[in-house]
Amino acid sequence: MRGRAIRWAYAAAIAVFLVALPQYYHRNTGFTELVWFGEPFEDARLPAVLDAPHYLHYQSPGYDGQFYAQLAVDPLLEDPRLGRALDAAPYRARRIFFSWTAYVLGLGRTAWILKAYALQNILAWLLLAWVLLRWFPPTAPRNLAPWAGCLFGVGLIMSVRFALTEGPGLLVLALAVAAMEKGRSWLASGLMAVVGLGRETNLVAGGVLVDRLPRRWRDALGLAGRGLAAVLPVAAWFLYVRWVFPPLAASDAANFAPPFSGYVTKWSVTIGQLQSSGWFGSWARFNLAALIAVTVQAGYLLTRRDWSSAWWRAGAPYGLLMPLLSYPVWEGDPGAIMRVVLPMTVAFNVLVMRSRFFWPLVIAGNLTFFHGLHMINVPWVATLF
């Protein structure tokens, strides 16, 4: 009887997600409301995209998904107008893999491609919910909290809500971790190449491939080979992008800053907003939850080192990366940071299962659960927060 109740609780969580989706579906444009095509970029859009039915957000600049969706229409970067259609063509074009998959799913037809691109994050969320059962099986009540924390945390929900690349990337990374746990290291290397082609920053999780330090030349060569298998496809595509588009004047170094400067600034801004606007006067309450959550996650992983865990090797490096990120990565409600460190969130939830202080840690580390429900606008629930 107890086991059945737990399975029903898992099913109810998935139902909550599904119940929120119909509001974003429109008969002629599918789920393209999630892509967030903004009105200011309309004149620069690819002609094929302009001619295809898609949802337009008036009086809004839109969001990043609108650029990756256009890449899906021209996945080999052949249209010279693409440079104008994208806000930062060399930067966006590097993250190509899930534009390729949308092109394939849309059978090369622009209208279908846009709908497929919008649908990808929804499918990835559902598949990830299933894949995560490997680490959070529906056999005990305490497994439900970290599983739901991974799925409804604001980082993953933000990827769904704005049709971004992090959600599908996390799904592939989870498959790579599972492959390593099964001893299929070459498969894991191939999956990490996909992760890198989807979003190059996810190669920070590349430590997942190093399950042990090599003691013989054969082991060292095998590890080097697997590393090259993961990195070379990404490097080759980067070179192709550089050949097609001139490099940006501003480098990726702008995303980095002196240690903890962006983190401290985010704390300062959040506390200032709470003092001036009160608890419900701004989104600062959600930013406070995000700051507490990532602090707990990073602190736990960095103080509970476990090299034998593939998830620890994938997630812990983000705890070291996080303090080096500049304020623009932290800026916003809650900011890009929650998407950037998604692998750290899952790694935390997997490893915290062993802790004596499970409940206080899992609650503190998943405080963005409530912002996730609010962001996806779950009927009758979102207004509570």
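Ring pairs join Phe97, Phe98, Trp100, Trp237, Tyr240 and Trp243 into a cluster. The model is predicted. Across the whole structure, a search finds 22 aromatic pairs.

**Aromatic pairs**

- The ring centres of phenylalanine 97 and tryptophan 100 are 6.2 Å apart, with the planes at 65°, so this pair is edge-to-face. The cut-off for that label is over 60 degrees.
- Both residues, phenylalanine 97 and tryptophan 100, sit in helix α6. They are 3 residues apart, about one turn of the helix.
- An α-helix has 3.6 residues a turn, so residues three or four places apart point the same way.
- Tryptophan 100 is partly exposed, because its relative accessibility is 26%.
- Phenylalanine 260 and tyrosine 263 make another edge-to-face pair. Their centres lie 6.1 Å apart, and 70° separates the planes.
- How exposed are these two partners? Phenylalanine 260 is partly exposed, with a relative accessible area of 44%. Tyrosine 263 is buried, with a relative accessible area of 15%. Buried means under 20%.

**The nonpolar core**

- The largest nonpolar core has 121 residues. Which of them touch the most other members? Trp135 and Trp311 do.

**Where α10 meets α15**

- Helix α10 covers residues 166-181, and helix α15 covers residues 310-321. They pack at an angle of about 140°, with their axes 9 Å apart.
- That angle makes α10 oblique to α15. Roughly antiparallel would need an angle over 145 degrees.
- From α10 come Leu173, Ala174, Val177, Met180 and Glu181. They meet Ala310, Trp311, Arg313 and Ala314 in α15.
- By class, this contact has 7 nonpolar, no polar and 2 charged residues.

**An enclosed helix, α3**

- Helix α3 runs over residues 65-73. Of its 9 residues, 9 are buried, so the helix is largely enclosed by the rest of the structure.
- Its buried residues include Phe67, Tyr68, Leu71 and Val73. Gln66 and Gln70 are also among them.
- What covers the buried residues of α3? The cover includes β1, α2, α4, α5, α6 and α7.

**Tryptophan 125**

- Tryptophan 125 lies in helix α7, which spans residues 110-131. Helix α7 is also part of the cover over α3.
- Is tryptophan 125 buried or exposed? Its relative accessible area is 1%, so tryptophan 125 is buried.
- Leaving aside neighbours within four places in sequence, its contacts include Ala13, Ile14 and Phe17. Leu151, Phe152, Leu156, Ile157 and Val160 are in contact with tryptophan 125 too.
- Take phenylalanine 152 as an example. In sequence, tryptophan 125 and phenylalanine 152 are 27 residues apart. In space, they are 9.6 Å apart, C-alpha to C-alpha.

**Histidine 371**

- Histidine 371 belongs to helix α20, residues 369-375.
- Histidine 371 is buried, because its relative accessible area is 5%.
- Not counting residues up to four places away in sequence, histidine 371 touches Val154, Phe286, Asp333 and Pro334.

Note on methods. Residues are numbered from 1 along each chain as its sequence is written. This is a predicted model: local features need pLDDT of at least 70, side-chain atom pairs count only at pLDDT 80 or more; totals for chains, interfaces and linings use all residues. Side-chain values use heavy atoms; hydrogens and water are left out. Helices (H or I, at least four residues) and strands (E, at least two) are DSSP runs, numbered from the N terminus. Buried means under 20% relative accessible area, exposed over 50%, partly exposed in between (1.4 Å probe, protein chains only). Contact means heavy atoms within 4.5 Å. A nonpolar core is a set of buried Ala, Val, Leu, Ile, Met, Phe, Trp, Tyr and Cys residues joined through side-chain atoms within 4.5 Å. Axes are lines fitted to C-alpha atoms, for helices over the stretch in contact, and angles run from 0 to 180 degrees between N-to-C directions. Angles under 35 degrees count as roughly parallel, over 145 as roughly antiparallel, 65 to 115 as roughly perpendicular and the rest as oblique. Ala, Val, Leu, Ile, Met, Phe, Trp, Tyr, Cys and Pro count as nonpolar, Asp, Glu, Lys and Arg as charged, and the others, Gly among them, as polar. Rings of Phe, Tyr and Trp (its six-membered ring) pair if their centres lie within 6.5 Å; planes under 30 degrees apart count as stacked, over 60 as edge-to-face and the rest as tilted.
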